[in-house]
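Trainee: Could you take me through the aromatic pairs in this model? I would like a close look at that one part.

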Amino acid sequence: MQPVAQPSRTSSVYIGSVMALLATFEDAGILPPEGTPQANGIIKAVIQFQSAFLKSHHPAIRQFFTDAHRVKLGPRAEEVETSFRRSGWSADTFDAVMAVGQTDNAWNTQGLSDGFREFNIGKPDFDILARLYEQSRAAFSTQGKTFQEVYAQRRREMPGTKSE
């Protein structure tokens with residue numbers, strides 16, 4: 001008789017990183033009202049892309065994620081990727097993924113859409129996040145802030161942060 005797998009609980013660090021990202025969008029004044037279909041779609045996309053990058057063994061997703069970090073972060077890529085695996089979204093990882101995912105050929109990689117489909121997400125979900133990211137960066141710029149600064153502050157306020 002095979003043991004039945006029990007559903008695993010999502011670690012508070014991953015929940016906190018999602019909450020911080022959503023709070024950052026809220027601080028920029030671009031998050032639709034809670035409970036609306038638009039807000040629910042954004043929440044789903046933030047959670048599912050993080051899950052895909054954390055859990056997927058699909059080669060196209062792994063390559064996309066690694067390439068995003070290498071292209072955007074150069075020598076810091078491995079360190080930031082390792083941090084993502086421990087703590088979920090960071091401003092650096094989100095920026096890297098958004099930047100590379102918006103290039104013309106990123107979504108032409110064989111199997112990428114199939115890999116994300118396993119997590120019930122795709123390019124339309126990505127495009128929503130990319131648009132929000134650009135809008136939030138613009139909003140913060142007019143306030144003399146950066147996305148990275150606001151996200152870092154919000155992340156410190158959320159579950160799963162380590163006390164120093």
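Mentor: Start with F49 and F116: both are buried, where buried means under 20% relative accessible area, exposed over 50% and partly exposed in between, with a 1.4 Å probe and protein chains only. The model is predicted, so local features need pLDDT of at least 70 and side-chain atom pairs pLDDT 80 or more, while totals for chains, interfaces and linings use all residues. Residues are numbered from 1 along each chain as its sequence is written, and side-chain values use heavy atoms, with hydrogens and water left out.

Now the rule for pairing. Rings of Phe, Tyr and Trp (its six-membered ring) pair if their centres lie within 6.5 Å; planes under 30 degrees apart are stacked, over 60 edge-to-face, the rest tilted. By this rule there are 20 aromatic pairs. One of them joins F49 and F116: the ring centres are 5.0 Å apart and the planes stand at 65 degrees, so the pair is edge-to-face. F49 lies in helix α2 (residues 37–55) and F116 in helix α6, 67 residues apart, so this pair links distant parts of the chain. Helices here are DSSP runs (H or I, at least four residues), and strands are runs of E, at least two, numbered from the N terminus.

Next, F94 and Y133. This aromatic pair is also edge-to-face, with 5.5 Å centre to centre and 85 degrees between the planes. It too links distant parts of the chain: F94 sits in helix α5 (residues 91–101), Y133 in helix α7, 39 residues apart. F94 is buried, and Y133 is buried as well.
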